Amino acid sequence: MRKSNSLLLVVLLLALLVACSENPGTTTMKLMLSTGNGPGGRTLVPEDGSGMEVSRFTVSGQGPNGKRFTKGSDSSNVEVEGLATGEWKVTAMGLNRDGTELVTGSASFVLSPSSEPKVIVLDTLVGSGTLNLVFDWSLCDVSNPSVQVRLSGPGLEAGESLLPVTINKDAMTATVSDTLPSGSYKVSAFLKDGQQQVAGMVEAVRISNAARTSGSYSFYLDGEGPSSMTFMQDASGAPVRGSLSVLNENGIFYDGLWYECSFSLLDPASVDASGLGVEWYLDGILVKSEDISIDG
């Protein structure tokens, strides 16, 4: 009789050990979601700019023994209870107020009962949007006009591409309409009279998923309107929002002289100062590019 009881006890212990190996302990996953740097600069943005803002999140994960979860949240701090300890791969998606997906990010980590909060950076834009631009040369006296529009930005293998342009010589306008992957771009446009370039411009453009970004521009001949600007971007490639001023006492400027400029960031916390750079343009042509630093 004692022998049977001992055997039964051993069997029960083995069953408990197997059960523990198949059902590891559970804990709460704590996540901190970061959307990183936002758009800015002298930038054309989607017509409803608020549609670019992340207002809610969805988080999904796959863990030990094929376990899965999905959770929505209005906060960037997310807690998921009752998850098995072990290795998890988690993907987070940022959505705007209308539920349109804007940006995503993922991370893998080992979850333990004493795990610290995990950070997931949402750094990959998703989807595509529409770019619509109108260029007007009615203020320019040109006999054989044409407009060339170039695009540079994320995901362009050649670094720069030509956008399709529709010319209306009677209305003295050129239009561009194209669908582009979400991201920050630089658009350069040039007005030509025959083979000679007579005017140009450069503009930062932000494309957001399922949104339309529109803008219009009037060309000016030299000396008749604004002909130069700067395009500033941080290490993430996103345009930087701020204001540029020239330190000059009387406000009069002369060709061939150097002037000191000051750029003030609208939101310094959103800028990667380690990779800040500036590009100077005249009539759409790059004149100078250099790295700059931020004091303080």
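1. Two strands pair if DSSP finds at least two bridges between them. Strands here are DSSP runs marked E of at least two residues; helices are runs marked H or I of at least four residues; both are numbered from the N terminus. With that in hand, take strand 15 and strand 16 (residues 196–207): these two pair in the antiparallel sense over 11 bridges.

2. Some ground rules. This is a predicted model, in which local features need pLDDT of at least 70, side-chain atom pairs count only at pLDDT 80 or more, and totals for chains, interfaces and linings use all residues. Residues are numbered from 1 along each chain as its sequence is written, and side-chain values use heavy atoms, with hydrogens and water left out.

3. Next, the overall make-up. The chain has one helix and 22 strands. Of its 296 residues, 34% are buried. Buried means under 20% relative accessible area, exposed means over 50%, and partly exposed lies in between (1.4 Å probe, protein chains only). The chain exposes about 17300 Å², and carbon and sulfur atoms supply 50% of that area. Accessible areas come from the Shrake-Rupley method with a 1.4 Å probe; for residues, only the protein chains shown count as cover.

4. Contacts come next. A contact means heavy atoms within 4.5 Å. Take the contacts between residues at least 6 apart in sequence: 64% of them join residues at least 24 apart.

5. How confident is the predictor? The score is pLDDT, the predictor's confidence in each residue, from 0 to 100. The chain averages a pLDDT of 78, and 72% of the residues score at least 70. Among the elements of the chain, helix 1 (residues 2–22) has the lowest mean pLDDT, 37. Strand 13 (residues 166–168) has the highest, 97. Over residues 1–23 the pLDDT is below 50, and this stretch has one contact in the model beyond near neighbours in sequence. Residues 223–237 also have a pLDDT below 50, but that stretch has 48 contacts beyond near neighbours in sequence.

6. Back to strand 15 (residues 183–193). Nine of its 11 residues are buried, so the strand is mostly covered. What joins strand 11 (residues 145–152) to strand 15? Eight bridges do, and the two strands run antiparallel. In this pairing, L151 stands opposite V187 in strand 15.

7. Now the partner, strand 16. Here 10 of the 12 residues are buried, so strand 16 is largely enclosed by the rest of the structure. Two bridge pairs can be picked out by eye. L191 stands opposite A199, and Y185 has V205 as its bridge partner in strand 16. Strand 15 and strand 16 form a hairpin with two residues between them. In the turn, G194 has a positive phi of about 70°.

8. Is K192 buried or partly exposed? At 22% relative accessibility, K192 counts as partly exposed. Not counting residues up to four places away in sequence, K192 touches N144, P145, S146, Q148, Q197 and V198.

9. Three strands form it in the order 5-1-8, with mixed pairing. Strand 5 (77–84) and strand 8 (118–121) stand at the edges, each with a single partner strand, so one side of each is left without a neighbour in the sheet. Neighbouring strands of this sheet are turned by 30° against each other on average, direction ignored. For such angles, axes are lines fitted to C-alpha atoms (for helices, over the stretch in contact), and angles run from 0 to 180 degrees between N-to-C directions. Strand 1 (residues 26–34) pairs with strand 8 in the parallel sense over four bridges. S34 stands opposite V121 in strand 8.

10. Last, the charged pair. A salt bridge is a side-chain nitrogen of Lys or Arg within 4 Å of a carboxyl oxygen of Asp or Glu. The count by this rule is one. The side chains of R56 and D74 form it, at 4.0 Å from N to O. R56 is in strand 3 (residues 56–62), while D74 is in the loop between strand 4 (68–73) and strand 5. The pair links distant parts of the chain, 18 residues apart. R56 is partly exposed, with a relative accessible area of 30%. D74 counts as exposed, at 65% relative accessibility.
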